[in-house]
Amino acid sequence: MTGLGAYPMEGVAGPELVRDAVARWLGVVAADAELAPYLVGVDRARLAGHLALTLTVALGGPAGDLVRPAVGAWRGLGLTEAQHRRVVDYLGGVLGALGVPVGAVAAARRAFADEAGS
């Protein structure tokens, strides 16, 4: 679903954790009554791929053939700044629940906060 191949990561999280985190994250966003409408008609597999790549790099993994991670995955959905912050807060909660170290959670939050310019 995320487009990540099976390769070892030297960072904090392997591809299985990233896939699980992205799936849970999208699930939480989709369950939010205010945010769910922004996902209507969105190719979630493609969105998940963008999110997974950015999250992989933020957690210390390889970017593959790309020079930089895919950014702007949430930007094109038209979220307000407050909504985007909530999406990033959901990411922090998901990663924390999965046992990702606090420093890595902070790095991931920064990566997605930066992608929207917030």
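Predicted model: local features only at pLDDT ≥ 70, side-chain atom pairs only at ≥ 80, totals over all residues.

I begin with Arg85, which forms a salt bridge with Glu81; their closest N and O atoms are 2.9 Å apart. Both residues belong to helix α3, where four residues, or about one turn of the helix, separate them. Arg85 is partly exposed, its relative accessible area being 42%.

In total, the structure holds five salt bridges. Another of them joins Arg24 to Asp20, with 3.1 Å between the closest N and O atoms. These two residues are four apart in helix α1, which means that about one helical turn separates them. Arg24 is partly exposed at 41% relative accessible area, and Asp20 is also partly exposed, at 31%.

Which parts of the chain does the salt bridge between Arg86 and Asp32 connect? Its N to O distance is 2.9 Å. Arg86 lies in helix α3 and Asp32 in the loop between α1 and α2, so the pair ties together parts 54 residues apart in sequence. Arg86 is partly exposed, with a relative accessible area of 24%, whereas Asp32 counts as buried at 10%. Together with Glu34, Asp32 and Arg86 are linked in a network of salt bridges.

Finally, I turn to helix α1 itself. The buried residues of α1 include Val18, Val22, Trp25 and Val29. Seen down the helix axis, the buried residues of α1 fall within an arc of 125 degrees, and therefore they line one face. On the other side of α1, Glu16 and Ala31 are exposed.

Methods
Residues numbered from 1 in each chain as written. Heavy atoms only, no water. Buried < 20%, exposed > 50% of the residue type's maximum accessible area, 1.4 Å probe, protein only. Arc of directions from axis to C-beta. Salt bridge = Lys/Arg side-chain N within 4 Å of Asp/Glu carboxyl O.
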